[in-house]
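Reader: I'd like to learn how to read a multi-chain model feature by feature. Could you walk me through this one?

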Amino acid sequence: MNRSICIILFCAALPLVGCESGRAPSFQLSEQSQELSGFAKEKVQGELEAGFGTPSNLVVWSELDVDFGQYSGTVKKVGPRPGTLKIEGEGLAVASSLAGVRSLNDLKGAAVVVSSPSSVTESNDESSGEDGADASDARTSELADTSSGEGESESYRVASYDPASRLLSVVNENGVPAQLSVAKGDNVQILGPALQEGRNLYLRHCMHCHGVSGDGAGPTAQYFKVKPRDYRQGVVKFTSTKANVPRPSRDDLFRIVKLGVPGTYMPSFMLLPDEEVHAIVEYVRWLAMRGEMERKLNAWLSLDYSKEAVADMEEPAEEIESAFAEAWADEASDNITQFSEELQMDWQEADKEENVVVPPTERVPPSPESIERGRKLFQGNKAKCASCHGLTGKGNGPSTESFNDLPGQPGVKSDKAGLFDIWGNIVKPRNLTAGVFRGGRRPIDIYRRIHSGIKGTPMQAFGSTLNKEGEIWDVVNYVLSIPFENKQGGH
Amino acid sequence: MVNKFWPIFFMFWPILAIVSFVIAPGMDWWFPGPAMSPLGEQIDNLFYLILVIVAVTFVGTHVALGYVLWRGVDNKDQKAWFSHGSHNLEILWSIAPAGILMFISLYQLDVWMEFRVKTHFPEGTTPVAEVTARQFEWRIRYPAPGKKLMTTPQSDDLYTVNDLHVPFGRPVSIRLRSMDVQHAFFLPELRVKQDAVPGAVIPVWFEASKPGEYDLTCAELCGWGHYKMRGRVFAENESGFEQYLETLQAEQNFDGVTQPEHTGAQIAEYGIEDSQ
Amino acid sequence: MSTLNPAADASAHAHDDHGHHEIGFVSKYIFSTDHKMIGIQFLFTTLLMLIVGGSLALGVRFQLAWPWRAMPVVSQVAELAGGPTFVAEGGQISPEFYTMLFTMHASVMIFLVIIPILAGAFGNFLIPLMIGADDMAFPVLNMLSYWFMWPAIVCFGLSFTVGGLNAAPAQGWTSYPVLSAIVDSAPGAGDAQTWWLMGLTFVGVSSMMGSVNYMTTIINMRAPGMTLFRMPLTIWSMFITAILQAFALPVLTAAGFMLLTERTLGFNFFVPGGLIVNNGDPTVGGGQPLLWQHLFWFYSHPAVYIMLLPAMGMVSDMLACVVRKPIFGYKPMVYSMAAIAGLGFIVWGHHMFTSGMNPALGMTFMISTMMIALPSAVKVFNWIGTIWGGKVTFNTVTLNCVAFVSMFIVGGLSGIFMAAVPVDIYFHDTYFIVAHFHYVLFGATLFGCFGAIQFWFPKMWGRMMSERLGRLHFFLTFIGFNGTFFPMHLLGIAGFPRRYADPYIHPYMEHLMPMNQFITICAVIMGVAQFLLIGNFVLSIFYGKKAGRNPWNANGLEWTAPSPPGHGNFDILPVVYRGPYEYSSPLVDGRDYLMQTERLNPAAEAVDNPADDATTDPGSDS
């Protein structure tokens, strides 16, 4: 029976083998990328990994307008085991409000740069993209060669960090404990901890709806009537930025996370500490940038190198591939630099104060006269609100049943009736009688919706149409009064 | 002596159980703090009363069990005690527990009535907000400062989410509703719980004894985000409460021009302190 | 009411007729109408379902101990299934998957394990043997009651797969509307919930068939001399349980149909109007969510007694046998079981104290709930009284029975906290409740089942199960069980709500993660230990030490039959002369048991059983 006991227990223990599976989340290529032919897809994948990394090993690409965060300290002692360092310095205490949650990777995978004290630490910022430096260098943690040349630095990745003993374990790019040639007093910088914090929070709070890659297609998302946002176009509906500034500002994203989006499944994270929300916002922006980079690469390559295009070509496969390799070697670096500059510019624009929509005049008081004017504008021909929102604001206007232009593609009609957004979902114009305003119910919020439209949807910007003084405010007053029409005053 | 292992084994674990209850408050495996409401204090009192009764019963029955097992193992007689029972004992251990149980059940009927029966709510309990639970947050509607809460939304009502401010030191009530499925309004530190039933409006009253921040969680399965419904009740003095409503009103009427924009980063100013 | 005239006895007639009847393999082993085979079929099926339900629970525990880590087994399955669910996430589950885990854990355990193992496996096997009948009153109905379990299992199984890996039923086993009524309200509220309801219906049909059978058999087919108050407590418990089933189940079935029509035909029993679910259009409504709760708990509260009483009865029989003493207070034991069952019909509202029902009902249900603690207490005292003065040998059966008593004390006492309504305000939907019902369902019922398996195994297979493996299994299970569920009392006191995929985002619970990890580790130990039971069970069928008719020297009628009993059960029609608990009787020398069928010197017996002599007095019934 002894043997039987052993066999039984062994069989039972087998499923537990799966425990340390070492699986990790991984970014998914978009549907567009999947349409590229194999060799092009590989390159896209490689570029994205080089520039952004994987969820467990984030790459700090200092070009991008993202607050990656940085911790600094100095080496106190090398050892005890190979690849370990004892650090001192204030910045390295990992302040995590996830103190109780050990399941996520604290600092693991963050890039570590160790440099001798003579090198200028600010050179990290200057080195990126300057004096013809290869864009790829600026993206990795190897900032040594592009610095001013004084002093040397070495870069590794964090394997683990114990705040109590301040022991840092580092591995090289292959995951092997690094052979450290550092001395006491050398500078240590850990790059990207803020982004990592954001990633940890995102995986915990956001991923199951918004997806690992920010594609709005997490496991839970398919069951929603109103789909979670797909960040990869860099467009968010409810912004405070002008109509011609497509990106949201950090404040916009902060508001959305804090207040939620009523009328959807995006809950309010009001009670998350502000630092955590800021970290999440940075990570979301970074995900959006990754998505946009993928789109730009696809836009460049898909014309000639999508599966369809390649199938149409007459040349044999090897020729096409070598032609591609040549073209890539020629143009990739410049193009990618250009793309990253575009990304940086776009997102920086959104945060500029001058791009926030501020009404020229104070709100017109919501008197019955103003509301009446607003109603006339709503139902009139100038702004044609009723064509989508309906004469009574119920969201049942005639456009909901006609074949309309696709958003962002004027002149191109959709082959299905109704109104669509740029993510391909059918959208219903807001039922204003319900009093639920997804982007916020403050007068300024409604003003901004009317003035700059709701980006990505058929709700256009009416700032130039309703350009007489006070017109937009009249409409705002009317809209805010719709839920209370035909109701007796309660006082 | 090998036989004695099992009686000892069966007595070991009840001792462990009692030890764990004794050390639990010190290890913070206990209530999330003392009850922060007068009703909660009474609930805690009843809990401790029952705990004592249960502990005595637990110890008593297990001592008896241990004893009979111990002696039973030692029993070297050819036969066991041939008894079919004892009528007197049956009466004794029917009446005594019955009495204790009836006592416990009647002891705090008044507390229950005070909590749930509208006519027994404390004098002067005023509705301070309407709390609508939805998947997966708490949407709160206050009346404008100085006004009474109406049953239907008014154009000057104030709205916020997940953050319920109330004055402390006096009983206040909320109108609890649900927009979609069943939820439950659970304030662990105040010992308050009430299901939010769709289609119904349930008045829930409570009194925060001290100012402070109290957790609000959902206690009825409402879908995948059941655990996400984290809210808080912020109890402050009357003037702080009034001020909060006024800042909420200012924020809600903000038109982008009249005051400096309180950007997203400064939502914290509106009485929503960082819960750090 | 008992059959007293041998000539008219159905069993004798049947036995003579079918002495040499040949039946094929299918009729003998698959669609058998023999109660013993059906009982064994139930036993195998429920043990299999125990593994399934237990694995689901381990998933729940894993998430609570290491939230959002890649879940073992699930990650592998997701990859094998080709994704995309959970593959991109690296095996990290999503919250709706967690809600499915606990929903299906409870559903499988309650409907596919505990209820069938008690009534289906043990009830079927033991009832005819213990009352001296040759089979159940309705053998074909019996066979159907087993085979109706399989559509139920298939329905529950299908509910996992339709709609996607993370769209299995996720509304809790209590399935409250509006969450379970509106398809859009949760990922698992789609087709999966419909299949779940159908599975429930099949289980209900199977149970009803069983209960009709048991009631009829017990009332009509007892051997001569087997008066009602000479029946073993196992039979009493099965009888009372069958009555509970018969009266309570139709209400659940009705509620299930109402919910089914609500979901599929657009009826509106439970959904009020004006609700906005999943940001859709407002509901049309007209219904009342509380209606479901009343209907559901009207069944489900008696259901918990259905899941307890048979184990109580069996433990009584086993205890008396292993301590060689009569049961202490036989009639009080019977009356207590009847009281538990009767009171069980008027306490359902204690699941609904915070639900928003009329507060006056809170008061009435509190009083009736307090009262139902009384018969349970009486039974505990009587079990201790049974051991008092006995000769205790600690074998696997004894261990499991003593564990039953000890765990039941904990479970019963923790129930008193919730019976007090003001305290229930705090404890409702926290882990205190989880601790309570696991102590009574697992700590009491399941340990009782483990003992019963060990005890009646020789009768089923003619071999003994391994004592060493049995004791080792008990030891590990007991330690694992208490390590898992006792700390949950403390979690409940700390305000740890049920059904939370990630409680640690709430600051007041962050510090409870180490305790949850401890609980999970103990749960894994407990889970692994069950393989010892399965192994012991399967191996002993082939390699167990051969057993005779009465390896335990017990008194019941079943021990007069061969091990295993053949078709028709008994060689000769048993005649009963006394109750089943005459252990250590002074009427016999040299041994400490006196079987029910032993005919002693009539003069001596007259002293013992004044109302006896069944063959000449057709009217006596006690």
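Reader: What is the mean pLDDT of chain A?

Author: First the idea: pLDDT is the predictor's confidence in each residue, from 0 to 100. Where it is low, the predicted coordinates should not be read in detail. For chain A the mean is 81, and 83% of the residues reach 70 or more. The pLDDT is below 50 over residues 93-105 of chain A, a stretch with 26 contacts in the model beyond near neighbours in sequence. It also stays under 50 over residues 119-152 of chain A, for which the model has 61 contacts beyond four places in sequence. Two residues are in contact here if their C-beta atoms, placed from the backbone, lie within 7 Å.

Reader: How many helices and strands are there in chain A?

Author: Helices (H or I, at least four residues) and strands (E, at least two) are DSSP runs, numbered from the N terminus. Chain A has 15 helices and 10 strands. Among its contacts between residues at least 6 apart in sequence, 68% join residues at least 24 apart.

Reader: Which strand do the bridges join to β3(A)?

Author: Strands of a sheet pair through backbone hydrogen bonds, either parallel or antiparallel. Two strands count as paired if DSSP finds at least two bridges between them. β3(A) runs antiparallel to β6(A), residues 187-191, with 5 bridges joining them. Opposite Val113(A) stands Gln189(A).

Reader: What is the strand order in an open sheet of chain B?

Author: One open sheet of 5 strands goes β3-β2-β1-β5-β8 in chain B, with mixed pairing. β3 (158-161) and β8 (202-206) of chain B are the edges, each with a single partner strand, so one side of each has no neighbour in the sheet. From one strand to the next the twist averages 30°. Within this sheet, β1(B) (126-134) and β2(B) (137-142) pair in the antiparallel sense over 5 bridges, and Thr132(B) has Arg139(B) as its bridge partner in β2(B). Helix α5(B), residues 238-252, packs on the sheet, touching β2 and β3 of chain B, and its direction makes about 95° with that of β3(B). For such angles, axes are lines fitted to C-alpha atoms, for helices over the stretch in contact, and the values run from 0 to 180 degrees between N-to-C directions.

Reader: At what angle do helices α3 and α6 of chain C pack?

Author: α3(C) (35-65) and α6(C) (139-147) pack at about 10°, with axes 10 Å apart. That makes the two roughly parallel, a label for angles under 35 degrees; over 145 is roughly antiparallel, 65 to 115 roughly perpendicular and the rest oblique. The contact involves His35(C), Ile38(C), Gln41(C) and Phe42(C) of α3(C), with Asn142(C), Met143(C) and Tyr146(C) of α6(C).

Reader: Where does Ser180(C) lie?

Author: Ser180(C) sits in the loop between α7 (149-161) and α8 (191-220) of chain C. It is buried, with 28 other C-beta atoms within 10 Å. Beyond four places in sequence, its contacts include Gln171(C) and Leu259(C).

Reader: How many residues of chain C are in contact with chain B?

Author: 88 residues of chain C are in contact with 81 residues of chain B. α13(C) gives the largest share of chain C's side, 16 residues. By class, that side has 60 nonpolar, 20 polar and 8 charged residues. Ala, Val, Leu, Ile, Met, Phe, Trp, Tyr, Cys and Pro count as nonpolar, Asp, Glu, Lys and Arg as charged, and the others, Gly among them, as polar.

Technical notes:
Residues are numbered from 1 along each chain as its sequence is written. Chains are lettered from A and ligands numbered from 1 in the order in which they are written. This is a predicted model: local features need pLDDT of at least 70, side-chain atom pairs count only at pLDDT 80 or more; totals for chains, interfaces and linings use all residues. A residue is buried if 20 or more other C-beta atoms lie within 10 Å of its own, exposed if 12 or fewer, and partly exposed in between; C-beta atoms are placed from the backbone.
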